[in-house]
Amino acid sequence: MRILLVTWGSAGDVLPYAGLGARLKAFGHEVVAATSERSAPRFRAHGIPVHVLPLAPQEESALAADRFDRWQSPTRIRRRTRNGQDIAQVMAREVLDAATNGKGADVILAHPLPHPVCALIAHGTGRTCLGIYTASPAMLLPRLSAHDAATTRRSHGYRFAETMAWTAMHPLYAPALSWLRRELGMRRKTAGTARNVLRGARVMHGYSTALLPAGLTLPDGHTCAGYWWPAPEDTWQPDPRLADFLQSGPAPVYFGFGSVSPGDADQLSGTIKNVVRRLGVRAVVQAGWQGLDITGDDTLTIGECPHEWLFPRMAALVHHAGPGTVGAGLKAGVPAVPVPLALDQPFWARRLTALKLSPTYINARRLTPDALADALHTTLHDTRYRTRCTQISKAIQSQNGATTVLNELDRVANH
């Protein structure tokens, strides 16, 4: 089948999709990725052609907006809304072009962010669209979606959160959906809202059911497939400095905060230095988008490094609780202290603590050396957390998300 795989965002929004694309390609499907130039090398490394989404200006604006800010002014909110609308419109134009011109595509696989425009394109051109989610809009409302369901009424909290989130995000999609409706000659009511476009859509979630709340009811058409992991690059080798550091002493603690910065880089570096000194541990710090740079006999700052290689060599993790990082840590069986800031990070942080895989989580806006040192000390010295992480690692690895997607594509082909 000819597959168009559409995704955009941070490394956590791209690496699992590149891994899935590589697996689909290995099974004989013809895969093209639609993503930004910044993310394109992730796919090209596996021989996957890229239809570039020209999103460089919007990426710069989004990166600036994601920096830590305690006060979101009305002007800032309006700017972010316009930027979101621009992203949706670029995706609508480029995905329509990629899906219908040249060889085109039989199936569109869509990250949740472009899913509404991809679903409408598929509907208007007679193609199939499948949602491929590593996170979901419902997770943006963790107070509704992250709790175990104690009653039948509460068991629908996740579905209610999904409805609320798509309703709130519709203004970001409205101009793009209207443009697509006109371009495809569709009746006005066909487009409707983003939520209506996705009503009954087939969606596969790329994480383990072992992490979801007990009694959770997913929306109709949604299935938890299991993780699709990043594909290893054959030529990758660890930095000799990192290899030497790991061999020179006890297993260190990993500190990394992904693409959303929990505070000023100097302040965050100071917090990490304070905690490392107080606990007498060694540390590997990933520079990330914040550009952290901490040097010392017991601390090494590194650039990009595959988590599946690095995490099994760590004593504990301190991270932002992004879904890919959470999955990689649990796959390695290593306990973590989550420090969530925004988006779906609080959902995953709450799940780690609810499942007793972490002693607590610390809101990034309230991160202090005292709080982090206390949580990390417990994580390192209470062996129950590592034991539980080792146990859930087996459950995570028993689900193969890529195989589930392949089976669904077979079903589509034979329909």
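**Exercise 1. Count the disulfides in this predicted model.**

Solution. The count comes to zero disulfides.

- Step 1: take Cys129. Its closest cysteine sulfur belongs to Cys118, 5.3 Å away. A disulfide needs sulfur atoms within 2.5 Å. The pair is therefore too far apart for a bond.
- Step 2: Buried means under 20% relative accessible area. Cys129 has 14% relative accessibility, so Cys129 counts as buried. Cys389, with a relative accessible area of 1%, is buried.

**Exercise 2. Describe how helix α5 and helix α7 pack.**

Solution. 

- Step 1: locate the helices. α5 spans residues 115–125 and α7 spans residues 157–183.
- Step 2: get the geometry. The axes lie 9 Å apart, at an angle of about 40°. The crossing is right-handed.
- Step 3: list the contact. α5 brings Pro116, Val117, Leu120 and Ile121. They meet Trp166, Tyr173, Ala176, Leu177, Leu180 and Arg181 of α7.
- Step 4: classify. Nine residues of this contact are nonpolar, none is polar and one is charged.

**Exercise 3. Is helix α14 mostly covered or uncovered, and what covers its buried residues?**

Solution. 

- Step 1: count. Eight of the ten residues in α14 (345–354) are buried, so the helix is mostly covered.
- Step 2: name them. They are Gln345, Pro346, Phe347, Trp348, Ala349, Arg350, Arg351 and Leu352.
- Step 3: find the cover. It includes helices α6 (142–145) and α13 (323–331). Strands β11 (316–319) and β12 (336–338) also contribute.
- Step 4: look past the end. Lys356 follows α14 and has a positive phi, near 60°.

Technical notes. Residues are numbered from 1 along each chain as its sequence is written. This is a predicted model: local features need pLDDT of at least 70, side-chain atom pairs count only at pLDDT 80 or more; totals for chains, interfaces and linings use all residues. Side-chain values use heavy atoms; hydrogens and water are left out. Buried means under 20% relative accessible area, exposed over 50%, partly exposed in between (1.4 Å probe, protein chains only). Helices (H or I, at least four residues) and strands (E, at least two) are DSSP runs, numbered from the N terminus. Contact means heavy atoms within 4.5 Å. Axes are lines fitted to C-alpha atoms, for helices over the stretch in contact, and angles run from 0 to 180 degrees between N-to-C directions. A crossing is left-handed if the near helix is turned anticlockwise from the far one by less than a right angle, and right-handed if clockwise. Ala, Val, Leu, Ile, Met, Phe, Trp, Tyr, Cys and Pro count as nonpolar, Asp, Glu, Lys and Arg as charged, and the others, Gly among them, as polar.
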